[in-house]
Amino acid sequence: MEQKEPVLVLYDREEEYARLFSEYLKRQKELPWQIHTYTRAEELLAGEKSGEVTMLVVAESSCEEALNTLQPTCQAILNESGTLRFHQFPNINKYQEAGQVWKELLALYVETTGIRMPLLCAEYKTRFIGMYSPVHRCLQSTFALTFAQLMAEKHATLYLNFEHYVGIIELLPERQNRDLADLLYFLAGDEGKFPLRMQTVIQRKGNLDYIPPMRNGQNLLGITWEEWRSLFQRIEELGKYEYVILDLSESIQGLLDVLQMCIKVFTLTREDKMSQCKLDQYEQLLSLCEKEEVKGKTRKLSLPYFQRLPVEMEQYTRGELADYVRKEIETLEE
């Protein structure tokens, strides 16, 4: 017997919300359900058969006993009042950002149904680009984020930050948001659930996807190279991203192995003697560890003086630095 596609039923008597949120859900590429939207209970009960609803999402003010006849696999309440009137079901804040509601619904679906979603057909061959310099305070993360956002204008791009102290407040996860540590935790779970679980972690800025870095950079030190390699392989298998930009630091184990798997490495440096000594020592280490291949694909850059640098992420795609980075991207794409 052919297995039916999972169905998510959204029921809310507030017509505008139901329409807008339904449209938002249907725009998501990794949507695991058909979406059936209702604003009247009689139409819902006439249109859906008992036992055939995978997930029932009901606004708090629209919830009624008659809906129990649908017997969905799982049910969630879109909470409007801030109190738990229907505590027997998971409650999700209806009035938070639509993307967060979507992530919470995905997380609930993955954890409660036990349904394994097949991997999506790969759209891209994923290529990793590393950003690493032994010279600190060289604008590496500013350069990396500018690079990532500009790449995302033309290519499906994911940005990952591995710095011990990120320093970019906009990237840091809020308390309710998941981060890179959660994604690593998901690696140990059911492989079929990983694609959907990853969607609950990803954040977006403009065209760029990113995973919030770990709140506690100290935790980076305990992750093995094998775990990082497994994560990168899973991301590659998804085929969702054409480029993954890795903003690297000495806080991760297997740094040289990560650099070796990249198709290109950008190393920012300075002209002063101390910076050159650090760069020489780093290159000697590459030779000592038989990572000469990394040298061959490294682009060393000593950035010119910029009169004005971006302050917020929305500004990273404009100005002198952005113009400079665009030229580097054009060279890479040739």
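How many residues does helix H4 have, and how far does H4 reach from its first C-alpha to its last? Helix H4 (residues 140-151) has 12 residues and reaches 16 Å, close to the 16 Å expected at 1.5 Å a residue. A quick heads-up: this is a predicted model, where local features need pLDDT of at least 70, side-chain atom pairs count only at pLDDT 80 or more, and totals for chains, interfaces and linings use all residues. Residues are numbered from 1 along each chain as its sequence is written, and side-chain values use heavy atoms, with hydrogens and water left out.

**Helix H4**
- Helices here are DSSP runs of H or I with at least four residues, numbered from the N terminus.
- The expected span is 1.5 Å times one less than the number of residues.

**Aromatic rings**
- Rings of Phe, Tyr and Trp (its six-membered ring) pair if their centres lie within 6.5 Å, and the count comes to 14 aromatic pairs.
- Phe21 and Tyr24 have ring centres 6.4 Å apart and planes at 10°, so they're stacked (planes under 30 degrees apart).
- Both sit in helix H1 (residues 15-26), 3 residues apart, about one turn of the helix.
- Phe21 is buried, at 4% relative accessible area.
- Phe128, Phe162, Trp228 and Phe232 are linked into a cluster by ring pairs.

**Charges over rings**
- A charge counts as over a ring if NZ of Lys or CZ of Arg is within 6 Å of the ring centre and within 35 degrees of the ring normal.
- Lys94 lies over the face of Tyr17, 4.6 Å from the ring centre.
- Arg234 has its charged end over the ring of Phe194, 5.2 Å from the centre.

Terms used: Helices (H or I, at least four residues) and strands (E, at least two) are DSSP runs, numbered from the N terminus. Rings of Phe, Tyr and Trp (its six-membered ring) pair if their centres lie within 6.5 Å; planes under 30 degrees apart count as stacked, over 60 as edge-to-face and the rest as tilted. Buried means under 20% relative accessible area, exposed over 50%, partly exposed in between (1.4 Å probe, protein chains only).
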